[in-house]
Amino acid sequence: MQIINNAQDMMLQKSSLGLMIFEADLKRNPKLGGIKDKYLQDTGYTLRFLTIALDMEEPLLFDNYMKWFGQLAYHMRFNIEGMKRHFEACRLIFKEVIEPKFLDRVMLTFDEGIYAFEKAYNDITPVQIEHDQFLNHLLKMDTDQAYQYVLQKIEEGMSIKDIYLNVFQPTLYKVGELWQQRIISVAKEHYITAAIQHIIGKLYPLMFVSRKESIYSMTAVCAGDELHEIGMRMIADFFELSGWDTHFLGSNLPINMITEHMKEHPTDVLAISATTSQHILEVKALIQSIKQDEKLKHIKVLVGGKVFNETPNLWKTIGADAYALEPEQAILLANLIVGESDE
């Protein structure tokens, strides 16, 4: 294995690095041989998040991942002593293969992440999820009753925007927490997300009855193979309701397809959503591609999602024009940055 001099080297040699860590850990715990594939997969995730944090020079990216991992490990009943041995194996291999000057930064970022993991694992307090009628319908897999609940709220005077913000959004947060606490399965989480998307689709005829005339246009995408598309779909709907012409492209689209779409369909704002830092390099590459293209460089880039919420300056680091915490703020900022470009 070649000596690792920087984050790019580390990313390229991630698989070899993971195998060396496994073999070092295996010497102290032969039982790991039975879970080699899972061990390498999990180690690969940790190395990827560590490498991205180093590449972006944003240690918080790794800290936040390890905090989440620590909470998940607690609920999955990971053996904390086994995890400590794993982390020590990582340190041992890092010292063997990473160039000394780069090693200092790696170890500082890694050790801060381990502290975040152990603190999250040891200090966790299970959150009591407040169940409401809408969530209960979905947990029982009764989509029709959930839809009727939404219609009832609309009849009582709740606006579509309020339905999004006060019914759909909190429900999705609760479902994520229920999954992390291992109270519901991945399958149930996916079902509930799909059910909410289905309900949103059924609301579209009501949603755009009084739609304003389009002034500006926006394209909405999710970074890389991002699985959490529904948040960005809701953002796109908010823009549509506020008088924007919107195109929601979803996820899993290569950069060239996104840029070609925007050349064919004039766009004032590109909104990009990312939940975790594993997609940040793709977001950065997409932004650079736009800023360097003469036909697209006028487009303003607005970013949002959990990873940006947790890392305050990340949007500046990757070259975005603005960052929004929630839908109403996204629309306000989009109008501001497009208005500035019109002056």
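The buried residues of helix 8 are Thr-143, Ala-146, Tyr-147, Tyr-149, Val-150 and Leu-151, where buried means under 20% relative accessible area with a 1.4 Å probe and protein chains only. This is a predicted model, in which local features need pLDDT of at least 70, side-chain atom pairs count only at pLDDT 80 or more, and totals for chains, interfaces and linings use all residues. Residues are numbered from 1 along each chain as its sequence is written, and side-chain values use heavy atoms, with hydrogens and water left out.

**Helix 8 and its surroundings**
- Helices here are DSSP runs of H or I with at least four residues, numbered from the N terminus.
- The buried residues of helix 8 pack against helix 7 (133-139), helix 9 and helix 10, contact being heavy atoms within 4.5 Å.
- Just after helix 8, Gly-157 has a positive phi of about 110°.

**Helices 9 and 10**
- The axes of helix 9 (residues 160-180) and helix 10 (residues 186-207), which are lines fitted to C-alpha atoms over the stretch in contact, with angles from 0 to 180 degrees between N-to-C directions, come within 10 Å and cross at roughly 175°.
- The two helices, helix 9 and helix 10, are therefore roughly antiparallel to each other, a word used for angles over 145 degrees.
- Among the residues in this contact, Phe-168 and Trp-179 belong to helix 9, while Ile-192 and Tyr-204 belong to helix 10.

**Cysteines**
- The structure holds zero disulfides, a disulfide being a pair of cysteine sulfur atoms within 2.5 Å.
- Cys-90 counts as buried at 2% relative accessibility, and Cys-222 is buried with a relative accessible area of 4%.

Key: Parallel < 35°, antiparallel > 145°, perpendicular 65-115°, else oblique. Buried < 20%, exposed > 50% of the residue type's maximum accessible area, 1.4 Å probe, protein only.
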